[in-house]
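Subject: Structure for your files

Dear colleague,

Please find the structure below, with its sequence. My notes on it follow.

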Amino acid sequence: MVEANNAKYWRAVPAPCVGYVWAYMSWGQYGRDVSSATDQIAAYASQTPAAGDGLDAWVLDIDDTCLSNLPYYQAKQFGAYDPTAFKAWASRGTCPGIPAMVRLFWTLKGGGFRVFLLSGRDEEALGASTAANLAAAGFAGYDRLILRSAAYRGQSSVVFKSAERRRLVEEGYRIRGNVGDQWSDLQGDCAGDRVFKVPNPMYFVP
């Protein structure tokens with residue numbers, strides 16, 4: 001129901017479901033599903049090649065799209081979101097890269113696309129650690145890291161990400177694809193020619 005966008009506004013994985021989520025995320029099926037999604041994304045990108053003028057772009061989310069927070073959520077037994085605890089975790093800069101997404105990132109770069117990383121992480125608190133974490137995880141050479149500025153604190157993900165994508169379009173970029181783990185990454189204005197969702201049953205971001 002989460003993947004179908006039918007289960008919304010839940011704060012924590014229900015206790016009877018924790019074992020199922022743990023098994024899905026940890027025993028191989030999650031990795032296979034992400035790889036299947038990235039195979040589809042790469043196939044689509046190859047069918048719509050970059051024009052060569054430097055304006056064809058892809059937008060990728062960061063948390064649990066490029067970087068995995070699975071160790072953090074496992075330690076919490078997939079409990080309710082705690083902004084203070086998550087900030088402490090993310091500031092360590094040790095989130096592992098998701099292997100299939102690292103490969104996709106380099107496929108897009110190799111295809112001549114501009115790649116923008118767009119995240120709801122707080123720019124002031126997590127900007128430096130996020131940039132270092134991305135580099136260590138294999139995401140080097142992206143065109144721009146866009147994080148939530150003070151102007152968008154308290155705004156929904158859809159509002160914030162729509163505004164930032166609209167800014168890219170106003171700069172002349174053509175958003176050919178948009179990848180995220182939350183439906184809110186993929187909704188709103190200037191979402192792109194095509195959107196792709198990777199699985200994430202651990203939490204919901206409105």
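In S3, the bridge partner of Leu117 is Leu145. The chain goes from S2 through helix H6 (residues 123–137) to S3, a β-α-β crossover that is right-handed (with the strands pointing away from the viewer, the path from the first strand over the helix to the second runs clockwise). S2 and S3 (residues 144–148) run parallel and are joined by four bridges. Helices (H or I, at least four residues) and strands (E, at least two) are DSSP runs, numbered from the N terminus.

Before the rest, the basis of these notes: this is a predicted model, in which local features need pLDDT of at least 70 and side-chain atom pairs count only at pLDDT 80 or more, while totals for chains, interfaces and linings use all residues. Residues are numbered from 1 along each chain as its sequence is written, and side-chain values use heavy atoms, with hydrogens and water left out.

**Sheet**

The sheet is open and has five strands in the order S3-S2-S1-S4-S5, with parallel pairing (two strands pair if DSSP finds at least two bridges between them). S3 and strand S5 (195–197) are the edge strands, each pairing on one side only. From one strand to the next the twist averages 20°.

Strand S1 (residues 56–60) pairs with S2 in the parallel sense, over four bridges. Leu60 stands opposite Leu117 in S2. Strand S2 (residues 114–122) is mostly covered, with seven of its nine residues buried (buried is under 20% relative accessible area, exposed over 50%, partly exposed in between, with a 1.4 Å probe and protein chains only).

**Helices H4 and H6**

The axes of helix H4 (residues 83–91) and H6 come within 9 Å and cross at roughly 30° (axes are lines fitted to C-alpha atoms, for helices over the stretch in contact, and angles run from 0 to 180 degrees between N-to-C directions). H4 is therefore roughly parallel to H6 (angles under 35 degrees count as roughly parallel, over 145 as roughly antiparallel, 65 to 115 as roughly perpendicular and the rest as oblique).

Lys87, Ala90 and Ser91 in H4 meet Ala125, Leu126 and Ser129 in H6 (contact means heavy atoms within 4.5 Å). The residues of this contact of H4 with H6 divide into three nonpolar, two polar and one charged (Ala, Val, Leu, Ile, Met, Phe, Trp, Tyr, Cys and Pro count as nonpolar, Asp, Glu, Lys and Arg as charged, and the others, Gly among them, as polar).

**Individual residues**

Thr38 lies in helix H2 (residues 29–47) and is buried, at a relative accessible area of 5%. Apart from neighbours within four places in sequence, Thr38 is in contact with Ala100, Met101 and Leu104.

Arg194 sits in the loop between strand S4 (174–180) and S5. Its relative accessibility is 38%, so Arg194 counts as partly exposed. Not counting residues up to four places away in sequence, Arg194 touches Tyr44, Arg176, Gly177 and Asn178. The C-alpha atoms of Arg194 and Gly127 are 67 residues apart along the chain and separated by 28 Å.

Asp82 is in the loop between helix H3 (70–75) and H4, and at 33% relative accessibility Asp82 counts as partly exposed. Leaving aside neighbours within four places in sequence, Asp82 is in contact with Tyr72 and Lys76. Asp82 and Gln47 are 35 residues apart in sequence and, C-alpha to C-alpha, 41 Å apart in space.

Regards
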